[in-house]
Amino acid sequence: MKQLLAKENIKQFISYVFVGGIAAIVEWVCFWLFSNVLNINYIFSTALAFIFSTAVNLILGRLWTFKNNNSYSNKRVIEAVLVYSVSALGLVFNMLLMYLFVTVIGLDTPLLKVVSKVIATGIVFIWNFLVRKLVIYRRKNGND
């Protein structure tokens with residue numbers, strides 16, 4: 001726990017918040033377009049928005065947040081598969097939360113669906129950072 005609170009890790013987390021914020025905006029805009037403009041089912045809209053936002057998160061995360069990690073410098077396909085796999089688990093959790101908010105609780109207006117999406121994204125955000133930080137981009141010597 002002490003290592004997670006180190007200055008470099010705090011800076012990295014702040015960078016991830018910025019990158020994640022951009023990816024979240026992409027996700028929310030895509031979700032709104034798919035769900036409310038194109039009238040695609042909210043669960044399918046969630047999955048489509050995930051594909052776009054994860055691509056943004058992968059690219060920006062590699063350029064800014066995890067730029068000093070060379071674990072996958074020659075293995076970009078493996079890196080992408082790992083990031084999408086972790087994010088896919090987050091997507092399942094996100095979709096379960098969306099189902100809970102929209103169908104079970106009844107937050108079924110266009111605005112409340114978007115609010116539900118924002119809340120679900122926030123809950124899954126921490127999962128994605130921790131797994132990327134501690135598993136995908138961990139350094140072999142234990143230092144970051």
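Author: Axes here are lines fitted to C-alpha atoms, for helices over the stretch in contact, and the angles between N-to-C directions run from 0 to 180 degrees. Helices (H or I, at least four residues) and strands (E, at least two) are DSSP runs, numbered from the N terminus. The model is a predicted one, in which local features need pLDDT of at least 70 and side-chain atom pairs count only at pLDDT 80 or more, while totals for chains, interfaces and linings use all residues. Residues are numbered from 1 along each chain as its sequence is written, and side-chain values use heavy atoms, with hydrogens and water left out.

The protein chain has four helices and zero strands, which follow one another along the sequence in the pattern α-α-α-α. Of its 144 residues, 38% count as buried, where buried means under 20% relative accessible area, exposed over 50%, and partly exposed in between (1.4 Å probe, protein chains only).

Two packed helices are described by the angle between their axes and the distance between the axes. For α1 and α4, the axes come within 9 Å and cross at roughly 145°, and the crossing of α1 past α4 is right-handed, a word used when the near helix is turned clockwise from the far one by less than a right angle, with left-handed used for anticlockwise. The residues of this contact comprise 13 nonpolar, seven polar and five charged; Ala, Val, Leu, Ile, Met, Phe, Trp, Tyr, Cys and Pro count as nonpolar, Asp, Glu, Lys and Arg as charged, and the others, Gly among them, as polar.

Side chains of opposite charge can pair when their charged atoms come close. A search of the whole structure finds one salt bridge, meaning a side-chain nitrogen of Lys or Arg within 4 Å of a carboxyl oxygen of Asp or Glu, and the side chains that form a salt bridge are those of E27 and K117, at 2.5 Å from N to O. Because E27 lies in helix α1 and K117 in helix α4, the pair ties together parts that are 90 residues apart in sequence. Both E27 and K117 are buried.

W127 counts as partly exposed, at 35% relative accessibility, whereas N128 is buried, with a relative accessible area of 15%. Contact means heavy atoms within 4.5 Å, and, leaving aside residues up to four places away in sequence, W127 touches V86, L89 and G90, while N128 touches Y16, V86, S87 and G90.

A nonpolar core is a set of buried Ala, Val, Leu, Ile, Met, Phe, Trp, Tyr and Cys residues joined through side-chain atoms within 4.5 Å. The largest has 11 residues, among them C30, F34, A120 and V124, and the elements that give two or more residues to it are α1 (7-37), α2 (42-65), α3 (76-104) and α4 (110-136). Its largest share, four residues, comes from α3. A second, separate core of 10 residues includes Y16, F66, V86 and F125, and two of these, Y16 and V86, are residues that N128 touches.
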